[in-house]
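These are my notebook entries on one protein chain. I set down what I looked up, entry by entry.

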Amino acid sequence: MAKVDQLAHERKKAQFDVGALKVVWAGSQHALQISDRMAKLVASDPVFLKDDRPRLSRKELFRKTLHKAAHAWKLIVDLRLSEEEASRLRFFVDEPAYTDLHWGMFIPAIKGQANEEQQQEWLPLAYKMQIIGCYAQTEMGHGSNVQGLETTATFDPNTDEFVLNSPTLTSTKWWPGGLGKVSTHAIVYARLITDGQDYGVHGFIAQIRSLEDHQSLPGVTVADIGMKFGNGAYNTMDNGLLRFDHVRIPRKQMLMRLSKVTREGKYLHSDVPRQLVYGTMVYVRQTIVSDASNYLSRAVCIAVRYSAVRRQFGSQAGGPEIQVIDYKTQQNRLFPLLATVYAFRFVGEWMKWLYLDVTKRLEAKDFSTLAEAHACTAGLKSLTTSVTADGIEDCRKLCGGHGYLCSSGLPELFAVYVPACTYEGDNTVLLLQVARFLMKTVQQLRSKRPVGTAAYLGKLEYLLENNCTVSKAEDWLKPSVVLEAFEARSARLAANCALQVSQASSPEAGFSELSSELVNAAKAHCELIVVSKFIEKVQQDIPGEGVKHQLELLCSVYALSLLQNRLGDFLSTGYLDSEQSALATDQLRALYSQVRPNAVVLVDAFNYTDHFLGSILGRYDGNVYPHLYEEAFKDPLNEAVVPEGYEEHIRPLLKQQVKISRL
């Protein structure tokens, strides 16, 4: 097939240095070089081909995933890749696998919750993958309510062992990735019982499969939970179920950094502050927020490129039809998503800093910012995953009928990503946690100064008394104006909820009755965080011709599109009037025209290979239609002109030889 670049004319319009923006996106020149090298390494290796995933049976799909994971590990070892390089290689392999949980949950849990002696025993085995681990917390009957877990770990002082048991059907561990068919060990969360007393949920390292023949150990029932949503997609992952029938493990396999049980069965807290467990939680959630920009950027890249390729209507005198991306209705849906990608990228960068800051403070036994950091990470996990899941689906719709094809890459991308709205905390439950923090912060304003992302509540009186001063559309381009608008919205919603909760018969009754309003207030707080971190980013020195200007445009698009979508909040709280909101809409429309010439190059800055995107619609060269046609004939249904079943079911119908019963 001849090489044709259908998007070359778009790239010639670029008004900025795309190479410089690639560095900004990657985080540094060093990070860009590593990502570029690992992406090309994966794309050039036939083992990592993935375009057949939606057509494979579950067994064949899983077998290929095992092959890819093993091959990736071999490359890591043979090429002596650094931890950073290995992480990027696994990222570009782009296939959910047991290794995600081994490296992303099992190892961090040991590092965060095991004592020094335990880390020395288990981490070397895990780092070399001589054992493979998963994180077994969620049960069939309990997910978000961790304190309601039913699995028990009862200490037997006669043998110096814990006895793991699943006393009910609903105590079955359910959903842990890597558990179903691969993991040899699991971090199992169970109710610790010693000397007849229940001390609540604690973590234990349990071996579940033999290291010789991979059979499940006596008393252990382990299996895959079955097919999940989508073709291919997350079905590469062996999410599992796990039951224990009085399985004994050594006492020393209780994770003992924060507490322990002595040989005599006495439960003791260690000198290490229990708050240190929050460090692991912040790490996991900042990873999830960073992943949001990775997934949404892929969908937006596909939708932007295809919108520039696709033409529909408007032909004049036999000339070409109008590019779909030139329609304002398309821009109004697409460009805010493009801006959101960059917004989430930069808030993800900030969360990496937050994790390091929280870790340092915890080690110094400084817990002053812990509640704020917990609320911030919970809220941003909820916000970014919900917006990303909805955004991927919006991108599919923006690609019209062809977006529904598996070969567009969008259905599988959605199916792979959407579980993020549930795992590591249901998104609504997390927002209610943020709301509790906000209510407590407002109630304590007279005695305690809010810190970090909640610091704006310290000027609550000012934000309640002063309204928007915008008088012309250009005023909405001022960062201070935008920031104050979002601060006022969040502060007023929080203050109103706090007032109503205080007037209820009890705080809990008020919280329950106002839960919908509280969720909305929590969302407003989280959106303010993202807006503020985007503004902070574009106020820094950003090298590269035109790069800072493009990011300033996108920052304004993000903020004003949010304002447009949440207009009810801004108007109902009295901060804006209808004329000021109309000016914001006018300014947003003008911004779309400025983004348009650079749209394709703004997604080129993600530096994704065609292999990684996995989309015919999102091809770098825009040569969509010939490849779409070619792809159709790869489907097994097209292996023969006449389908199986013709003689039995189609021919008799056409020949009217179908036997019709007579009543």
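What volume does the second largest pocket have? I find about 960 Å³ for the second largest pocket. I note that this is a predicted model, in which local features need pLDDT of at least 70 and side-chain atom pairs count only at pLDDT 80 or more, while totals for chains, interfaces and linings use all residues. Residues are numbered from 1 along each chain as its sequence is written, and side-chain values use heavy atoms, with hydrogens and water left out.

**Entry: terms for pockets and cavities.** On a 1 Å grid over the protein atoms alone, a cavity is a set of points where a 1.4 Å probe fits but cannot get out; a pocket is an open set with protein on both sides within 12 Å along at least five of seven lines; lining residues have an atom within 4 Å of a point. Grid points are joined across faces, edges and corners, and a volume is the space filled by probe spheres set on the points.

**Entry: second largest pocket.** I counted 35 lining residues, and those nearest the centre are Asp51, Ser407, Gly614, Ile616 and Glu631. Two or more lining residues come from each of α8 (277–309), α11 (410–417), α21 (610–613) and α22 (624–632). Helices (H or I, at least four residues) and strands (E, at least two) are DSSP runs, numbered from the N terminus. The largest share, five residues, belongs to α22. By class I recorded 14 nonpolar, eight polar and 13 charged residues. Here Ala, Val, Leu, Ile, Met, Phe, Trp, Tyr, Cys and Pro count as nonpolar, Asp, Glu, Lys and Arg as charged, and the others, Gly among them, as polar.

**Entry: cavity.** How many cavities of 30 Å³ or more does a search of the whole structure find? I found one. The largest cavity has a volume of about 140 Å³. Its lining holds 14 residues, with Ala69, Ala72, Arg90, Val93 and Thr99 closest to the centre. At least two lining residues come from each of α4 (58–78), α5 (83–93) and α6 (98–113), and α4 gives the largest share, six. I sorted the lining into eight nonpolar, two polar and four charged residues.

**Entry: α2 against α9.** The axes of α2 (residues 18–26) and α9 (residues 328–363) come within 10 Å and cross at roughly 50°. I therefore call α2 oblique to α9. From α2, Leu21, Val24, Trp25 and Ala26 meet Val341, Tyr342, Arg345, Phe346 and Glu349 of α9 (contact: heavy atoms within 4.5 Å). This contact comprises seven nonpolar, no polar and two charged residues.

**Entry: sheet.** I traced an open sheet of three strands in the order β4-β8-β7, with antiparallel pairing (at least two DSSP bridges between two strands). β4 (173–174) and β7 (220–224) each have a single partner strand, so one side of each is left without a neighbour in the sheet. Two bridges join β4 to β8 (residues 240–244), and Trp174 stands opposite Leu241 in β8.

**Entry: Gln215.** I located Gln215 in the loop between β6 (197–207) and β7. Not counting residues up to four places away in sequence, Gln215 touches Ile208, Arg209 and Ser210.

Terms used
Axes are lines fitted to C-alpha atoms, for helices over the stretch in contact, and angles run from 0 to 180 degrees between N-to-C directions. Angles under 35 degrees count as roughly parallel, over 145 as roughly antiparallel, 65 to 115 as roughly perpendicular and the rest as oblique.
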